[in-house]
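Visitor: I would like a close look at a single part, with every cut-off stated once.

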Amino acid sequence: MDGDCSYEDFRACLLSLGKINRWLLGYRPTLAWLERAPRRLQPIHIVDVGSGGGDLLRRIAVWAERHNIAVRLTGIDMNPLATRAAIELTPRESSIRWITGNAMEYQPQEPVDIIVSSLMAHHLEDEQIVRLVQWMEATSRMGWFINDLERSEWSYRMFGWVRWHPIVRHDGPVSFRRAFRTEDWRSLLNQARIPEASATIEKWRPGRLCVGRWK
């Protein structure tokens with residue numbers, strides 16, 4: 001997914017990743033974290049960094065409707081193919097906004113309340129992750145949450161049990177090898193000057209390690 005491929009292959013990979021998120025309960029950590037969100041300010045502007053095909057924001061839209069929470073949802077991805085796919089895969093009546101660009105250069109017309117990110121951080125170098133966390137901290141009014149992979153032999157083996165799209169089958173094991181352990185996030189938070197006591201680092205089965213902070 002990080003290399004060049006046709007739009008058709010890229011879209012097929014995004015659909016396969018969406019299946020992974022559904023079957024392996026990948027949305028659950030983010031939605032559980034959002035359950036703790038203060039309800040005093042509505043609508044809540046939620047920005048998804050590295051939004052890909054948009055499946056997380058579409059799931060958040062369903063969650064917000066079920067809980068009668070007014071939200072504004074914005075997805076940002078640097079790959080224009082991701083924006084194209086997100087638009088195609090999102091119902092026309094949806095109000096989710098899709099933006100192509102660097103999130104850290106994003107200048108919204110309205111304040112950002114919550115920033116989320118899923119399965120993006122493991123693609124970045126440590127210095128980039130530190131800058132991302134610092135940007136999330138400076139930009140979000142209420143809090144931020146990173147939902148990513150846990151590095152473990154069990155997670156690596158589990159991924160191989162299912163026959164995914166060929167590109168996903170290739171990239172998946174690579175991603176798990178680049179995933180995180182708890183001590184990695186402790187170090188990254190320290191480098192970003194986020195007190196560990198003010199953040200949460202949570203393991204979610206199967207194969208997720210998430211970090212977030214409410215202000």
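Visitor: Does Cys 13 count as buried or exposed? Please go on from there to the sheet.

Guide: Cys 13 counts as buried, because its relative accessibility is 0% (buried means under 20% relative accessible area and exposed over 50%, with partly exposed in between, for a 1.4 Å probe and protein chains only). The model is predicted, so local features need pLDDT of at least 70 and side-chain atom pairs count only at pLDDT 80 or more, while totals for chains, interfaces and linings use all residues. Residues are numbered from 1 along each chain as its sequence is written, and side-chain values use heavy atoms, leaving out hydrogens and water.

Cys 210 also has 0% relative accessibility and therefore counts as buried. Searching the whole structure for disulfides gives 0 (a disulfide being a pair of cysteine sulfur atoms within 2.5 Å).

Now the sheet. It is open and built from 7 strands in the order 3-2-1-4-5-7-6, with mixed pairing (helices, H or I of at least four residues, and strands, E of at least two, are DSSP runs numbered from the N terminus; two strands pair if DSSP finds at least two bridges between them). Its edges are strand 3 (97-100) and strand 6 (200-204); each has a single partner strand, so one side of each is left without a neighbour in the sheet. On average, neighbouring strands are turned by 20 degrees against each other, direction ignored (axes are lines fitted to C-alpha atoms, for helices over the stretch in contact, and angles run from 0 to 180 degrees between N-to-C directions).

Gly 75 stands opposite Trp 98 of strand 3. Ser 51, in the loop between strand 1 and helix 3, touches both Gly 75 and Trp 98, along with Ile 76 and Asp 77, when residues up to four places away in sequence are not counted (contact means heavy atoms within 4.5 Å). Ser 51 is buried because its relative accessible area is 7%.

Helix 4 (residues 80-89) lies across strand 2 and strand 3, at about 165 degrees to strand 3. Helix 5 (residues 126-139) packs on the sheet and touches strand 1 (44-49), strand 4 (112-118), strand 5 (140-149) and strand 7 (208-214); the direction of helix 5 makes about 150 degrees with that of strand 5.

Arg 208 is found in strand 7 and is the bridge partner of Trp 204. With 5% relative accessibility, Arg 208 therefore counts as buried. Not counting residues up to four places away in sequence, the contacts of Arg 208 include Asn 21, Ser 118, Asn 147, Asp 148, Glu 150 and Glu 202. Gly 26 is also touched by Arg 208; the two are 182 residues apart in sequence, yet 7.6 Å apart in space from C-alpha to C-alpha.
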